[in-house]
Amino acid sequence: MSDGTATKTTDLDVRLEKHRVELTGYCYRMLGSSFEAEDAVQDTMVRAWRSYDKFEGRSSLRSWLYRIATNVCLDMLTAGNKRARPMDLTESTPLAQAALSPRPDNTWLEPMPDSRVLPSTEDPAEAAVAKESVRLAFMAALQQLPPKQRAVLILREVLAWRAAEVAELLGTTVASVNSALQRARATLAEQQQPGAEAAVSDPLDDEQQKLLDRYVAAFEGYDMTALTALLHEDAIMTMPPFDLWLTGHDDIAGFMTTLGSACEGSRLVPVEVNGLPGFAQYKPDPEAGGYTPWAVQVLEISDGRLTGFHFFLDTKRWFPLFGLPLHLEAETDQVEEGV
């Protein structure tokens, strides 16, 4: 490879990489899967690199990459699989009937570190929209839309593209884009998504931070009286890959002191996940000592109470994604947050 070719290759790699985070956010909203989103972006980068000589520059490099990424995502969505949360699939289970029944990985809406999908911006309003658009409730609502409507809604309302730009990207008309957007809005308006009311300021205000501090103290102390005092009366608890979900103080506290009693003595490490506060939960490791990964927790807050807490249990996948260690020493109560 000549020096000129090497320089061109390096320059193109740098230009493509500048768009990786925002493209990952777009693909994540489209697909509902952390790992499929990253695969889709990698496929996009490879296709762009291979066909760059054919790129005529009639649109910006960014627009061209979004066109490739959209086609990749639409191809991946042809199987018709819709990512979901437990409450999208079954009715709430009373504690007396609780059973831990797992479903395949491709069933579930997956968590994602903010840093992998939210580009840095100096515009507070833009940052707020971006965070709201990766929250679990909104992500679950997106999964109910047909793929092309999903793309239109994300491009128009999250990324603020003009209708003409979206029409060019999708190879259709402005009228078709506007019609798809209207149908997508109507579908979302008809849905009552649990967690949609979650209201978290950016950064957290004093009351929200105090609520989280009280949550950590209650959870690490396994004080069910203190914990339930922080919950909304209709709070929801989920635990993918299990389809079980619980609602209300009594069933949640009852589960945590029976089937979930192994969580007693856990340590919580803060993470930023899906535009919401969260924690990496490590539970005591009786064999090796110290603490072993148990869950990535995503918390939803509204009106000064916790309305939902969601435990993603596939730690071999989630902890490396968040840059978190797979073991905590006994004397280590806290580690720095991962990526």
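Author: Start with the word itself: a cavity is a set of grid points where a 1.4 Å probe fits but cannot get out. Rolling a probe the size of a water molecule over the atoms shows where empty space is left. Keep in mind that this is a predicted model.

Reader: OK, how many cavities of 30 Å³ or more does the structure hold?

Author: There are 2 of them.

Reader: What lines the second largest cavity?

Author: Its lining is made of Ala-84, Arg-85, Pro-86, Met-87, Leu-109, Leu-136, Thr-238, Pro-240, His-310 and Phe-312. Helix H5 (86-89) and strand E6 (305-312) each give two or more residues to that lining. By class, the lining splits into 7 nonpolar, 2 polar and 1 charged.

Reader: Let me pick one of those. Is Thr-238 buried or exposed?

Author: Buried counts as under 20% relative accessible area. Thr-238 has 2%, so it is buried. You'll find Thr-238 in strand E1 (residues 231-239). Leaving out residues up to four places away in sequence, Thr-238 touches Pro-86, Met-87, Leu-244, Trp-245, Phe-309, His-310 and Phe-311.

Reader: And which residues line the largest cavity?

Author: Among them are Asp-105, Trp-108, Glu-110, Asp-314, Arg-317 and Trp-318. The lining of the largest cavity has 7 nonpolar, no polar and 4 charged residues. Take a look at Arg-317 too: it lies over the face of Trp-318, at 4.9 Å from the ring centre.

Reader: Where does Lys-283 lie?

Author: Lys-283 sits over the face of Trp-294, 3.7 Å from the ring centre.

Reader: Now rings with rings. How do I read an aromatic pair?

Author: Check the distance between centres, then the angle between planes; over 60 degrees counts as edge-to-face. The structure holds 11 aromatic pairs. For Tyr-282 and Phe-319, the centres are 5.2 Å apart and the planes are at 85°, so this pair is edge-to-face. Tyr-282 belongs to strand E4 (residues 276-284) and Phe-319 to helix H15 (residues 315-321), so the pair ties together parts 37 residues apart in sequence. Both Tyr-282 and Phe-319 are buried.

Reader: Which residues do ring pairs link into a cluster?

Author: Tyr-215, Phe-219, Tyr-222, Phe-279, Phe-309 and Phe-311 are linked that way. You've met two of these names already: Phe-309 and Phe-311 are among the residues that Thr-238 touches.

Definitions and conventions:
Residues numbered from 1 in each chain as written. Predicted model: local features only at pLDDT ≥ 70, side-chain atom pairs only at ≥ 80, totals over all residues. Heavy atoms only, no water. Phe/Tyr/Trp six-rings, centres within 6.5 Å; stacked < 30°, edge-to-face > 60°. Helix = DSSP H or I, 4+ residues; strand = E, 2+ residues; numbered from the N terminus. Buried < 20%, exposed > 50% of the residue type's maximum accessible area, 1.4 Å probe, protein only. Lys NZ or Arg CZ within 6 Å of the ring centre and 35° of its normal. Contact = heavy atoms within 4.5 Å. 1 Å grid on protein atoms, 1.4 Å probe; cavity = no way out; pocket = protein on both sides within 12 Å on 5 of 7 lines; lining within 4 Å. Points joined across faces, edges and corners; volume = space filled by probe spheres on them. Nonpolar A, V, L, I, M, F, W, Y, C, P; charged D, E, K, R; others polar.
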